[in-house]
Number of protein chains: 4
Amino acid sequence: MSSRRLRVGILGATGMVGQRFIQLLADHPQFEVTAVAASDRSQGKAYGDACSWRLMGEMPSSVRSLQVQAPAPPLDCDLVFSSLPGDIARETEGSFAAAGCPVISNSSAYRMDADVPLLIPEVNHPHLGLLSRQRQQNSSGGFIVTNPNCSAIMLALALAPLHAAFGITTVAVTTLQALSGAGYPGVASLDILDNVLPYIPSEEEKIAAETTKILGHFSSEQIEPAPMVVSAQCHRVNVADGHMGAVRVKLSRQARLSELRDVLASFRSLPQELGLHSAPATPIVVRDEPDRPQPKLDRDAGQGMTVTVGRLMPDSVLDYRFVVLSHNTIRGAAGAAILNAELLIALGHLK
Amino acid sequence: MSSRRLRVGILGATGMVGQRFIQLLADHPQFEVTAVAASDRSQGKAYGDACSWRLMGEMPSSVRSLQVQAPAPPLDCDLVFSSLPGDIARETEGSFAAAGCPVISNSSAYRMDADVPLLIPEVNHPHLGLLSRQRQQNSSGGFIVTNPNCSAIMLALALAPLHAAFGITTVAVTTLQALSGAGYPGVASLDILDNVLPYIPSEEEKIAAETTKILGHFSSEQIEPAPMVVSAQCHRVNVADGHMGAVRVKLSRQARLSELRDVLASFRSLPQELGLHSAPATPIVVRDEPDRPQPKLDRDAGQGMTVTVGRLMPDSVLDYRFVVLSHNTIRGAAGAAILNAELLIALGHLK
Amino acid sequence: MSSRRLRVGILGATGMVGQRFIQLLADHPQFEVTAVAASDRSQGKAYGDACSWRLMGEMPSSVRSLQVQAPAPPLDCDLVFSSLPGDIARETEGSFAAAGCPVISNSSAYRMDADVPLLIPEVNHPHLGLLSRQRQQNSSGGFIVTNPNCSAIMLALALAPLHAAFGITTVAVTTLQALSGAGYPGVASLDILDNVLPYIPSEEEKIAAETTKILGHFSSEQIEPAPMVVSAQCHRVNVADGHMGAVRVKLSRQARLSELRDVLASFRSLPQELGLHSAPATPIVVRDEPDRPQPKLDRDAGQGMTVTVGRLMPDSVLDYRFVVLSHNTIRGAAGAAILNAELLIALGHLK
Amino acid sequence: MSSRRLRVGILGATGMVGQRFIQLLADHPQFEVTAVAASDRSQGKAYGDACSWRLMGEMPSSVRSLQVQAPAPPLDCDLVFSSLPGDIARETEGSFAAAGCPVISNSSAYRMDADVPLLIPEVNHPHLGLLSRQRQQNSSGGFIVTNPNCSAIMLALALAPLHAAFGITTVAVTTLQALSGAGYPGVASLDILDNVLPYIPSEEEKIAAETTKILGHFSSEQIEPAPMVVSAQCHRVNVADGHMGAVRVKLSRQARLSELRDVLASFRSLPQELGLHSAPATPIVVRDEPDRPQPKLDRDAGQGMTVTVGRLMPDSVLDYRFVVLSHNTIRGAAGAAILNAELLIALGHLK
């Protein structure tokens with residue numbers, strides 16, 4: 001691990017996830033924000049003036065005077081974290097990678113590319129083997145690593161230990177997702193007060209596709225998607241932070257309820273072994289109270305990096321069911337990307 | 001149909017569903033509220049003083065001066081509508097029936113009894129054949145007819161035409177239920193602001209059990225439950241009125257999406273043929289916009305008696321999926337019971 | 001009153017207030033919507049396609065096929081109702097008036113112009129005397145009549161009978177305003193969930209200035225502002241519809257509480273005498289329960305045209321205090337403009 | 001200051017404020033919770049079982065096994081913090097004081113008693129002179145110190161430096177208060193969703209009476225109430241934590257806006273000089289953005305002990321106006337009482 005702090009640029013720095021990046025990196029031992037970029041009218045202003053800060057607590061003073069730049073290489077940094085909107089992410093992130101800059105992306109643009117890792121450090125760190133394929137195409141030193149969609153992360157994290165232990169053939173999930181997942185300004189208050197929206201564009205497709213890639217097997221230089229069927233129904237509910245998923249799963253082999261509970265609660269992985277800075281001590285917490293998890297009470301577990309599972313019980317249609325919850329802009333976005341970068345440092349890919 | 005109006009007593013008259021009974025019966029051509037009863041401290045007071053009216057609009061003036069009585073027979077009425085809490089409903093409703101008074105109940109106490117119809121007029125009116133079994137036990141003229149749980153009603157209504165046309169073998173539903181379903185005061189505001197509660201006591205069990213009884217077949221003087229598996233996961237969300245269910249179904253025989261849509265949208269049944277006062281012209285409305293149904297926009301369809309179905313599409317785990325929504329205290333409770341009573345009049349069971 | 005219906009154009013037809021215009025005019029005996037215009041990307045589309053309908057119930061079928069036009073004269077209509085945004089309203093409304101088209105405006109652009117009536121029919125119908133001044137400048141037959149800001153309307157309506165009876169020298173109001181007042185998309189859900197915003201741009205200034213004009217005296221061809229001091233503090237709260245104002249007033253002469261109550265509750269004015277279609281039977285309802293008015297329970301009083309006053313009591317700083325509430329997009333916007341137009345017909349200004 | 005930690009009992013330990021006491025005392029250097037009492041059905045159970053914990057984060061493990069006792073002396077402690085409901089607080093707190101146990105109370109029962117300090121350490125620490133009067137009546141060593149109502153605290157804190165510098169003759173405040181102020185379960189969700197309640201029982205009277213006592217002068221062994229008129233209008237809004245007050249004030253002498261701002265922003269007092277554990281570095285923060293303070297963004301300032309003032313400007317009715325906000329269960333309740341106790345230790349009244 002390098003003793004100096006890596007210099008970081010944030011693409012999409014004024015958005016909701018961009019603000020989370022800046023908040024989570026404020027006192028980070030390995031990273032220092034040295035550049036901020038945004039694809040909007042804020043270019044040229046000081047970040048402190050350009051950004052309408054929407055998180056609890058004050059904007060970190062270290063970034064206030066950074067000038068917002070256009071999201072184009074080169075920026076004064078060793079790597080970039082990107083939370084650009086999908087429509088411009090593909091070209092922009094590609095140009096940074098081509099210019100030799102590692103891109104740790106929360107955007108959807110490259111997630112399903114065959115040579116791009118869709119990484120959850122606890123779940124599929126062997127997928128980083130794909131980086132050698134990227135290096136064959138691009139010798140500049142730049143590369144792209146993505147983290148999954150906010151709902152796919154919590155789902156895959158909860159499924160991973162069950163899949164490893166028992167095999168999963170079928171997943172049916174119904175989500176209740178938070179407002180911050182739609183960015184800012186995002187959902188109009190008149191649309192969600194006293195209401196539920198049963199539609200989030202592209203979300204159901206992303207969850208289905210990404211989950212099988214995340215849980216897939218890396219062999220012969222490529223990802224073999226996990227041979228499971230995933231169906232997702234998505235809803236937006238009037239909650240600020242904290243996505244929830246009601247999940248039913250069918251297993252490849254019979255297992256007792258207590259076995260599932262043990263496998264979930266005892267799950268630890270490489271980030272915990274390596275003691276990565278943002279890795280929670282317990283990636284998954286299992287709660288036995290009948291009315292948990294709840295967004296308000298559980299989203300901040302493990303500083304927002306722990307996924308909470310509750311209501312684990314047998315199901316009459318598939319084999320088991322449970323409810324999973326995680327903080328969608330921490331474990332589901334900015335925190336996910338930062339943990340990815342920490343793993344890349346620990347494994348020597350970033351320096 | 002009798003030319004005079006039947007005299008009605010309301011058991012549980014001060015609660016949320018009791019208030020809906022009074023609102024919906026205010027200008028009803030066939031019923032007139034002549035007695036109100038409640039199992040609480042309000043006994044002896046005028047209803048206008050005892051009841052904290054929580055519905056839009058003023059309390060109907062005709063009930064203001066009725067004295068709140070204890071829920072015990074006899075009351076000055078020809079039949080009672082009951083929305084008593086489960087714990088006291090069994091004894092109280094039984095005593096009214098024994099005393100010769102028809103009981104049209106929204107309570108859960110008798111729903112699963114073998115000789116009690118669990119009635120949705122559009123779905124299973126032949127189940128009224130069970131009344132002859134009740135008459136064998138009880139010659140007083142009293143009997144009990146129940147309507148299902150608020151979530152089971154909307155689910156069974158949406159499933160009924162599909163089951164009739166294609167056969168349903170498997171149902172997985174995840175609900176997002178409104179606050180009024182918990183009565184008043186019900187859910188504490190501190191528990192639901194910026195939150196979701198993934199637990200409603202007994203609700204998942206009720207939905208599973210009631211749905212198969214509702215869709216069951218009446219033969220040889222008894223109900224044969226529908227041979228389908230039903231799994232329910234239930235959540236409380238921050239919505240005043242309007243339960244929503246995200247449903248996946250497996251059919252007995254192959255069917256095209258357009259066939260399902262047609263069968264749902266063209267569904268009409270006995271209440272529509274008879275022109276019952278509370279029967280909506282269209283029991284099920286199918287919406288094709290990607291973001292419907294929504295509680296705020298769709299709960300009042302058909303004066304709250306129409307169920308709205310949207311997001312109908314193929315599903316990778318079961319065969320099809322859709323989202324269903326209905327007004328939980330109208331179609332799901334008071335309106336359901338009143339429609340039941342209207343059918344009983346039309347078929348000669350009430351006079 | 002003309003026997004045929006006047007042909008109406010709606011400027012700003014796709015916005016929140018524009019939709020209210022269309023809803024309230026759907027079955028209006030005196031008006032028929034024949035043109036819709038909007039200053040946005042919806043021009044050229046059918047209204048049914050261009051407008052994302054956000055009100056309860058379906059969009060009236062009569063307007064679905066109207067093509068959205070640019071907001072510029074001529075339109076195929078006898079008058080226009082305008083709810084254009086402030087920045088473009090001044091030029092656009094002026095051009096319609098110059099072209100001979102009467103403009104009944106809900107916009108702020110012309111409200112404080114010396115020769116433009118700021119009209120609440122129950123309060124200051126003599127201000128229509130200003131129309132002769134407009135006719136001196138503009139012989140085309142076009143003119144402009146405005147209704148006040150949504151908060152100023154409810155305030156002035158409650159103050160008017162008190163001012164007439166006792167004289168008011170001082171008004172201090174603190175508002176709690178609904179989301180629909182900010183239009184659509186308006187307030188971001190992340191900004192208002194679990195929150196209050198203590199700032200609405202320009203609102204405090206508008207309330208202070210408009211109230212003294214509304215309550216002013218028309219003489220010598222001009223409006224003499226009412227000689228009272230008005231101070232307003234404004235807040236946005238998480239309510240869909242229904243503005244609330246906590247008011248303190250100082251009177252010119254001593255009066256007993258019961259006198260204030262009587263003057264408010266018995267208030268009737270010209271619209272009631274003329275039986276105007278949108279005029280509520282009772283412009284002001286006084287409620288004596290300690291916890292009223294409430295937005296959810298009282299905003300729809302008088303089809304949204306009645307203002308509700310409660311908590312009327314002596315105050316230790318000024319003389320009396322009360323809380324006032326009204327529906328901000330009906331009495332406070334679209335309904336206000338329509339009532340203005342109905343009065344103009346009754347008085348022969350529109351035909 | 002004693003080197004050992006004082007042993008503390010919590011009266012009303014299972015309520016919202018009781019839980020805040022336990023949370024805030026969990027790692028307190030001067031206090032250790034050794035007894036919990038509640039006036040409800042939870043007596044005899046372990047606190048961990050009896051208390052439905054509603055705060056973010058887990059219940060401190062140190063209190064889980066404490067048995068809930070009846071709120072009657074003696075308890076195993078050196079002092080008690082009380083948040084008992086008003087109706088039983090008077091007798092219970094009195095009995096503890098009579099039995100020799102200091103009572104640091106958040107209840108309203110004794111606040112207006114002539115010989116009981118109504119203490120805000122930054123504002124009126126000389127009022128502790130009243131303790132000698134209590135000792136004359138009660139030689140047991142017990143005494144009672146109260147903190148004000150949650151809204152009165154934030155109001156008095158903001159007024160105190162202005163009153164000291166310029167004199168205040170008149171205060172008109174309109175509050176927008178949070179749900180947690182009503183305790184748990186408190187406000188029903190159906191009452192507050194899409195709504196505002198313009199009434200909080202007794203609140204307007206408490207604010208008026210307590211403010212003049214708090215800001216009063218201690219001389220000749222008694223409190224001379226501040227010679228100012230205070231009028232309060234109170235509302236409940238759909239916010240979890242954080243009371244807001246829209247305030248207008250009239251000063252005894254003329255002052256410039258900048259002088260008011262400076263006096264508020266530079267305010268420091270005895271708790272800051274003494275470095276009391278719970279004392280915020282800055283009791284009052286003045287914000288200059290037009291849209292602050294906001295509950296969500298400002299309630300946690302200074303760990304919930306800092307009051308935020310914004311929108312400070314001249315007012316046309318009184319002299320100046322501003323909006324004040326503070327965390328109602330920390331600075332407005334449990335934190336207030338703990339700071340009181342810390343001051344009592346520092347001044348030698350507790351040991």
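Helix axes are here lines fitted to C-alpha atoms over the stretch in contact, and the angle between two of them runs from 0 to 180 degrees between N-to-C directions. On that basis, in this predicted model, helix 7 (residues 150–166) of chain B packs against helix 13 (residues 330–346) of chain B at an angle of about 95°, the axes lying 8 Å apart. Because angles of 65 to 115 degrees count as roughly perpendicular, helix 7 of chain B is roughly perpendicular to helix 13 of chain B.

**Helix packing in chain B**

- Helix 7 of chain B contributes C150(B), I153(B) and M154(B) to this contact, while helix 13 of chain B contributes R331(B), G332(B), A333(B) and A336(B).
- Sorted by class, the residues in the contact of helix 7 of chain B with helix 13 of chain B are five nonpolar, one polar and one charged.

**Overall form of chain A**

- Chain A contains 13 helices and 14 strands, and its radius of gyration of 19 Å is close to the 20 Å that the globule rule gives for 351 residues, so chain A is as compact as a globular protein of that length.
- The C-alpha trace of chain A spans about 60 × 50 × 35 Å along its principal axes, and 59% of the 351 residues of chain A count as buried.
- Among the contacts in chain A with a separation of 6 or more, 74% involve residues 24 or more positions apart.

**Domains of chain A**

- The domain assignment divides chain A into domain 1 (6–148 + 334–346) and domain 2 (150–327), with 24 Å between the centres of the two domains, taken over C-alpha atoms.
- Where these domains of chain A touch, 30 residues come from domain 1 and 28 residues from domain 2.
- On the domain 1 side of this contact, helix 5 (121–124) and helix 13 (330–346) of chain A each supply at least two residues, and helix 13 of chain A provides the largest share, with seven residues.
- The residues on that side of domain 1 of chain A comprise 15 nonpolar, ten polar and five charged.

- Q233(D), which lies in strand 10 (residues 229–236) of chain D, counts as buried because 24 C-beta neighbours fall inside 10 Å.
- Apart from its neighbours within four places in sequence, Q233(D) is in contact with A246(C), R321(C), T174(D) and E204(D).
- Q233(D) and R268(D) are 35 residues apart in sequence, and their C-alpha atoms are 29 Å apart in space.

How values were computed:
Residues are numbered from 1 along each chain as its sequence is written. Chains are lettered from A and ligands numbered from 1 in the order in which they are written. This is a predicted model: local features need pLDDT of at least 70, side-chain atom pairs count only at pLDDT 80 or more; totals for chains, interfaces and linings use all residues. Helices (H or I, at least four residues) and strands (E, at least two) are DSSP runs, numbered from the N terminus. A residue is buried if 20 or more other C-beta atoms lie within 10 Å of its own, exposed if 12 or fewer, and partly exposed in between; C-beta atoms are placed from the backbone. Two residues are in contact if their C-beta atoms, placed from the backbone, lie within 7 Å. The radius of gyration is taken over C-alpha atoms; the globule rule is 2.2 Å times the number of residues to the power 0.38. Angles under 35 degrees count as roughly parallel, over 145 as roughly antiparallel, 65 to 115 as roughly perpendicular and the rest as oblique. Ala, Val, Leu, Ile, Met, Phe, Trp, Tyr, Cys and Pro count as nonpolar, Asp, Glu, Lys and Arg as charged, and the others, Gly among them, as polar. Domain bounds come from an automatic or database domain assignment.
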